[in-house]
Structures are given as C-alpha cells and as structure tokens.
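The following exercises are intended for a reader who is meeting this structure for the first time.

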Amino acid sequence: MCTTQIEAPKEVFAEKLLTMMNHGALALMTSIGHRTGLFDVLSRLEASTSHQIAEAAGLNERYVREWLGAMTVGGVVECHANGGAPQFYLPAERAAFLTRAAGADNLGVFAQYFSVLGSVEDRIVECFKNGGGVSYSEFKRFHEVMAEDSGQSVLSSLIDVILPIVPGLVAKLNTGIDVLDIGCGSGRALNLMARTFPNSRFVGYDFSEQAIQTARVEASATGLDNIWFDVRDLTTFDDDAPEGSFDFITTFDAIHDQARPDRVLAGIYKALKADGTYLMQDIAGSSHVHNNYDHPLGALLYTVSCMHCMTVSLAQGGMGLGAMWGKETAQTMLKQAGFNRIEIKHLDHDIQNCYYIIHKN
Ligand SMILES: C[S@@+](CC[C@H](N)C(=O)[O-])C[C@H]1O[C@@H](n2cnc3c(N)ncnc32)[C@H](O)[C@@H]1O
C-alpha cells in the first residue's frame, strides 16, 4: 500500500518547496561550474576576487561574478568581504566532490543531466498530452554526458572492483575469451577492457552512430586490434543474436531504456555460450514506489526515467520500462529470458546501480 511518509505542517512543506527551488537552481549552476572548469580553478586558488578567478579560468568576469553569487549563498563557495572586494574560495572538503581531480566522486559530472533533460522539456510536455516518446537524437549532449558519467561510475572501478565480482572471470579474460557489451554507448568500458586484456576479443553494439563513432576513434587512437564496434538496433536481438558466441556479456545501464528489454535479454541468453556469464549493471531500486522512499536518489531517478529512459524507449514504440523497473521486475524478466542463476550485488562506490551476476547454466 502507498501511504505518504509524514504528515508535515503546511509551513514545513512550503519551506521544503523553497529549498527545492534553490537546490534545483544550484544543480544548474553546478553543471556550469563543471563545464567551465570553475570548480577546478577555484580548488587551485587561494581566496580570490571574481576578477582573479575569471582571469585564471579564462572566462567573462560578469558571468563568473553572478555564478559566484549563487554558489556562495547556496553554501558551496565561501566568501570573505572585509571592506574590499569580496574574495571567494572553495574549501578542500567540498572540492573533493566537485573537481576533475575528485575522479569518481565528482558530482559536477552528474549535475549536467539536469540541463540535458531540460533540453527536451517542451517535447516531454507534448508527450504528457499525446503519449509517444522523445528519441535519443533529440537530446542535446546525451552521449557526451553519459560517457563522462560512465567514465566515473564504471571505468574508475571496472578492473579492480566490478569484474572481480564474477568468480574466475579475470583469469579467463587474461587467458582469452569472447566478450560482448550491449548498448555500449561511447564504448569506454569496452575499450578499457580491451586494453587491459589483450588476449581477449571484445565486441560492442549500440544503435547510436555518434556513440559508436566515438568508441571507434578511441579504439584506433590506442591502437587496439582486439575490439569491434557495430551500429546495431537491438530491438529484435532475440532473433538476430549470434547463437552461443560469447563467454561474457555485459550491459552497463543499458537494459531498461531499450525498446524491447525482454527481447534483448532473450538475445543475450541465446548469444552466451553454455558456460557463459552475463553481468548486468542496472538501476538499484524496487519496482514498487512505496519501497523507494528511502532511496538516496529516488526522486532523481524517477525524473531521469520520465524525461529520458522511459521516453526514449516509448519513442521506439517500445515497452517504456523506465529506470525504476526495479529488482523485482528485472528478476522476473531475466527468468523469462531463460536465466535461473541470478545473484545481486551492491558495490560501495555506486549507490545508483546494482550488479546482477547471471550464469547461463
Ligand atoms: C543509458 S545508455 C548507456 C551507455 C553505456 N553502456 C554507458 O554506460 O555509457 C543506453 C545505451 O543504449 C543504447 N540503446 C538504446 N536503445 C537501443 C536499441 N534499440 N538498440 C541498440 N542500442 C540502443 C543507447 O544508444 C545508449 O547508448
């Protein structure tokens, strides 16, 4: 049963709404701080004026000053104004979550999704009225931001943390096996695996020509000869999958927004060799909204789902599962695809996803 969490007085709710407005605005400014390099610059400077910060960043001072205003009253940047021009600085413990040096902890990367989603708001409103969906190609900068996001959430821990959760896998990759990444996007995970395990062979499928082109450029720039990327629509993958061809198949955040996740999962089952393993990284959450109250990213993930994951699937005439399809639905669909041995792990570095280790037999 779905019940509201707490009966809060009217004033408390009004305050919550005001906080929400301020935080929404800060999220947009955080994205700009990341894209312009302002957080990186601030983290290297002592307390400085807006002119000094703008000069160090190579940016227009008037815009930098206004951005500093939002960041200061929003509690991100600190400011001293002892009679002279205000001086701004970013404390190290905050820079640890906002700069490129922060690596996987840099939430500035994630903040970019708000403007990516905002770029299609008009179209989403139309869909609320008329149904249908917004296609991948209508989003500005989606693949760029997604590649940067997976650079953090996947790449930073892929070799040392993620792959070792599959028993015996790293040894097999060192010896030489066949690996497929479905919905590989810009191919960063696959390229990293191909560099790390030169005896294995790697194939990536995605229907985005732009993303596959980026993936191929990275592969050829690093001189890899054990990797292949194909532009491929996976909607009928249960029919098209090459039977019994891969020892290990991965999907990183790439099942729930497919047109037909059911057919993709059935295709993965078919494409695996008899002793093959499938590793599915997908959104952590329950299929039931009332189980998601305490989800640390719940509202964010339902929003990303509504304005991206669900709508891109519906735009393909698909099922529109959405990012919050949840563990219950995921396990039911995996079983319907033929998989019976399913283990779910949560990894400390990644509160957004869970990791399904799935054996064909
Ligand atoms: C959320 S992104 C994840 C990309 C990548 N795995 C990563 O972690 O960066 C999902 C990917 O699925 C791809 N995709 C969606 N529908 C598809 C379809 N019908 N056929 C092939 N690829 C599809 C998209 O182009 C996108 O690159």
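**Exercise 1.** Determine how helix α1 and α6 are arranged relative to each other, and which residues form their contact.

*Solution.* Step 1. In this predicted model, the axes of helix α1 (residues 10–35) and α6 come within 7 Å and cross at roughly 120°.
Step 1. Angles of 65 to 115 degrees would count as roughly perpendicular and those over 145 as roughly antiparallel; α1 and α6 are therefore oblique to each other.
Step 2. On the α1 side, the contact is made by A27, L28, T30, S31, H34 and R35, which meet G108, V109, A111, Q112, F114 and S115 in α6. Sorted by class, the residues of this contact are five nonpolar, six polar and one charged.

**Exercise 2.** Classify the packing of α6 against helix α8 and describe the residues that meet there.

*Solution.* Step 1. The angle between α6 and helix α8 (residues 142–162) is about 160°, and their axes are 9 Å apart.
Step 1. The cut-off for roughly antiparallel is an angle over 145 degrees. The angle found in the previous step makes α6 roughly antiparallel to α8.
Step 2. The crossing of these two helices, α6 and α8, is left-handed.
Step 3. From α6, the residues V109, F110, Q112, Y113 and V116 take part, and they meet F142, V145, M146, E148, D149 and Q152 of α8. Seven nonpolar, two polar and two charged residues make up the contact of α6 with α8.
Step 4. R141 lies in the loop between α7 (121–130) and α8, and its phi is near 65°, a positive value in a residue other than glycine. For comparison, most residues other than glycine have a negative phi.

**Exercise 3.** Repeat the analysis for helix α6 and helix α14.

*Solution.* Step 1. Helix α6 (residues 107–118) and helix α14 (residues 298–315) have axes that come within 11 Å and cross at roughly 40°.
Step 1. Only angles under 35 degrees count as roughly parallel; α6 and α14 are therefore oblique to each other.
Step 2. Their crossing, that of α6 and α14, is left-handed.
Step 3. F110, F114 and L117 are the α6 residues that meet L300, T303, V304, M307 and H308 in α14. This contact of α6 with α14 contains six nonpolar residues, two polar residues and no charged ones.

**Exercise 4.** Which residues of helix α3 are buried, and what do they pack against?

*Solution.* Step 1. In helix α3 (residues 50–57), the buried residues include S50, I53, A54 and A57.
Step 1. These residues span an arc of only 95° around the axis, so they are on the same side of α3.
Step 2. The general rule is that an α-helix has 3.6 residues a turn, so residues three or four places apart point the same way.
Step 3. H51 and E55 are exposed, and they sit on the face of α3 turned away from its buried side.
Step 4. The packing partners of the buried residues of α3 are α2 (38–44), α4 (61–73) and β2 (87–89).
Step 5. After α3 comes G58, with a positive phi near 70°.

**Exercise 5.** Carry out the corresponding analysis for helix α15.

*Solution.* Step 1. G326, A330, M333 and L334 are buried in helix α15 (residues 326–336).
Step 1. Viewed down the axis of α15, the buried residues fall within an arc of 100°, so they line one face of the helix.
Step 2. The buried residues of α15 pack against α13 (261–271), β7 (272–283), β8 (341–345) and β9 (353–359).

**Exercise 6.** Is D253 buried or exposed, and where does D253 lie?

*Solution.* Step 1. The location of D253 is the loop between β6 (246–252) and α13.
Step 1. The cut-off for buried is under 20% relative accessible area; at 16% relative accessibility, D253 therefore counts as buried.
Step 2. The phi of D253 is near 55°, a positive value in a residue other than glycine.

Terms used: Residues numbered from 1 in each chain as written. Predicted model: local features only at pLDDT ≥ 70, side-chain atom pairs only at ≥ 80, totals over all residues. Heavy atoms only, no water. Axes fitted to C-alpha atoms, helices over the stretch in contact; angles between N-to-C directions. Helix = DSSP H or I, 4+ residues; strand = E, 2+ residues; numbered from the N terminus. Left-handed = near helix turned anticlockwise from the far one by under 90°. Contact = heavy atoms within 4.5 Å. Nonpolar A, V, L, I, M, F, W, Y, C, P; charged D, E, K, R; others polar. Buried < 20%, exposed > 50% of the residue type's maximum accessible area, 1.4 Å probe, protein only. Arc of directions from axis to C-beta.
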